[in-house]
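Welcome, and thanks for opening the viewer! Get your selection tool ready, and we will take a short walk through this model together.

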Amino acid sequence: MTVPAPRELPVCNPRTGEPDCRIPVIGPAGIAALAVRLRANQMAWAAAGPAHRAEVVKAWSARLLAQPGPVLDALSVDTGRHLLALQEMNALRGMVAGNAALATTALVEPPERPSMTPGIHAQSQLVPYGLIGVISPWNFPFLLSMLDTIPALLAGCAVIVKPSEVTPRFIAPLMASLAEFPELAGVCSFITGDGSTGAALIRAVDGICFTGSVATGRKVAAACAEQFIPAFLELGGKDPAIVLASADPDRAAATVLRASVQATGQACQSIERVYVDARIRDEFLARLIAHAEAVSLNWPDSRRGQVGPLIFSRQAEIIAAQLADAVTKGARIETGGVIERHGGGYWLRPTVVTSVNHTMTLMSEETFGPVLPVMSFRDPGEAVQLANDSVYGLSAAVFGDEAQALAVARQLVAGAVSINDGALTTEVFDVDKNAFRLSGLGASRMGASGLLRFVRKKALLIQRGRAKDMHALEENASTDGG
Ligand code: NAD
């Protein structure tokens, strides 16, 4: 029987709006064949031990980063940006080094020890999941494909990665780079496709790491529950920044702007709500608008300016709808606010909005654009209440005197809080954090737990005393079990 050729999908270029690329949509049969091959190699990979795996992964990443050209060029076309594509790739260095160092300590099986039950000794075996599926979004296509893949590989799993169909150009050169390391290519592969490919992948693996929207995350969690496999979900956010009266208004404004506008706001941890103490509100707002108006687009020269195009044209509709809803309900756009068309792409300058409230979708739903709605508060208690009034709990930021800021941060319902900075989770990969509320599910992907979530602990229980016989079950036996 011949397997039908996979259906193809067109892919749009974010800078031109042109569908200048097509990808095959890999289906269940293709995934099943790949899974068989990877599973067959995984046993030797697991048996080789963490030090060997770390060596192989390090060698591959060093080679890739020494000659990033083909992947970097493709990633730049995928995302319409250059500097961030380079930063995405360079983040691999620290990610590999950090996880490799952790792997050689966290994945060492502890020595045999006596259990609390007399005569019985215990060994622990760490058993990696055979095959992990990684499903990633379009906003940081390379980084978010690697963030779970690297620890899963180091833990001894095989991995199939399904990046977003919106940004798939980097997959082919990345596969070519993996092919130079056959041992690694034998346990790690990337596939192209859309949501149907992601859904089929869930049915072929032993665990899923998913990064994406809450709406898809719900479907993924349900499908994983059906399969009885773990789902590690990293989803959306509506991150608040609180600017206390003790903050330097200019510094806070400049930093909040950067943490909101970075990657054109297309980052889960970008600041999407700002609460500022009423006493410094006017000065903060004036500085925020001034800084926002000094920002320039990466257009027409992609190597100049700070803000790139929106990667996914549908995002422009979502942002425009949120702004329209806010204006209808009384909001005022202080600067920006107009989706611009340049060269076929969609662009938005940093947008500052005032007179906002929590009935507006701009304050409750993820925007994923460079938009900063600003509200004022009378005291830190009100700031905490406003910041926590959200279905999300990804991360947050607090600006001001460090002790005051930390006291506020401890009351926030969020997995990470940056103090006197914003979106620090993009720079720090070695500190454990969970996503709260709808922002995610499962163990931290950072720190040692990022590795340990890929292994199960098997208890080997050794009887060195006298094993119980049938006397232990005799109704009139003594109660000490003898
Ligand atoms: P998305 O949920 O639309 O898609 C993510 C991935 O899921 C894609 O690869 C897609 O093909 C796949 N998919 C779609 N339907 C599926 C299904 N039924 N089963 C399995 N896979 C399926 O997300 P997106 O629009 O690509 O990315 C943006 C979202 O990602 C935002 O909400 C953002 O906040 C979130 N995000 C979260 C983090 C984090 O670490 N928390 C990081 C980056 C992005």
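## Stop one: two helices

Keep in mind that this is a predicted model. Begin by selecting residues 69-79, which form helix α3, and residues 83-106, which form helix α4. Their axes lie 9 Å apart, and the two helices pack at an angle of about 130°. Is that roughly parallel, roughly antiparallel, roughly perpendicular or oblique? Angles over 145 degrees count as roughly antiparallel and those from 65 to 115 as roughly perpendicular, so α3 and α4 are oblique to each other. Turn the view and look at how they cross: the crossing of α3 and α4 is right-handed.

Now show the side chains where the helices touch. On the α3 side, pick V71, L72, L75, S76 and T79. They meet A85, L86, E88 and M89 of α4.

## Stop two: the cavities

Next, look inside. How many cavities of 30 Å³ or more are there? The count comes to 4. Go to the largest cavity, which has a volume of about 90 Å³.

- strand β10, residues 239-243
- helix α14, residues 380-388
- strand β17, residues 392-393
- strand β18, residues 395-399

Finally, colour the lining of the largest cavity by class: 8 residues are nonpolar, 4 are polar and 4 are charged.

Technical notes. Residues are numbered from 1 along each chain as its sequence is written. This is a predicted model: local features need pLDDT of at least 70, side-chain atom pairs count only at pLDDT 80 or more; totals for chains, interfaces and linings use all residues. Side-chain values use heavy atoms; hydrogens and water are left out. On a 1 Å grid over the protein atoms alone, a cavity is a set of points where a 1.4 Å probe fits but cannot get out, and a pocket is an open set with protein on both sides within 12 Å along at least five of seven lines; lining residues have an atom within 4 Å of a point. Grid points are joined across faces, edges and corners, and a volume is the space filled by probe spheres set on the points. Helices (H or I, at least four residues) and strands (E, at least two) are DSSP runs, numbered from the N terminus. Ala, Val, Leu, Ile, Met, Phe, Trp, Tyr, Cys and Pro count as nonpolar, Asp, Glu, Lys and Arg as charged, and the others, Gly among them, as polar. Axes are lines fitted to C-alpha atoms, for helices over the stretch in contact, and angles run from 0 to 180 degrees between N-to-C directions. Angles under 35 degrees count as roughly parallel, over 145 as roughly antiparallel, 65 to 115 as roughly perpendicular and the rest as oblique. A crossing is left-handed if the near helix is turned anticlockwise from the far one by less than a right angle, and right-handed if clockwise. Contact means heavy atoms within 4.5 Å.
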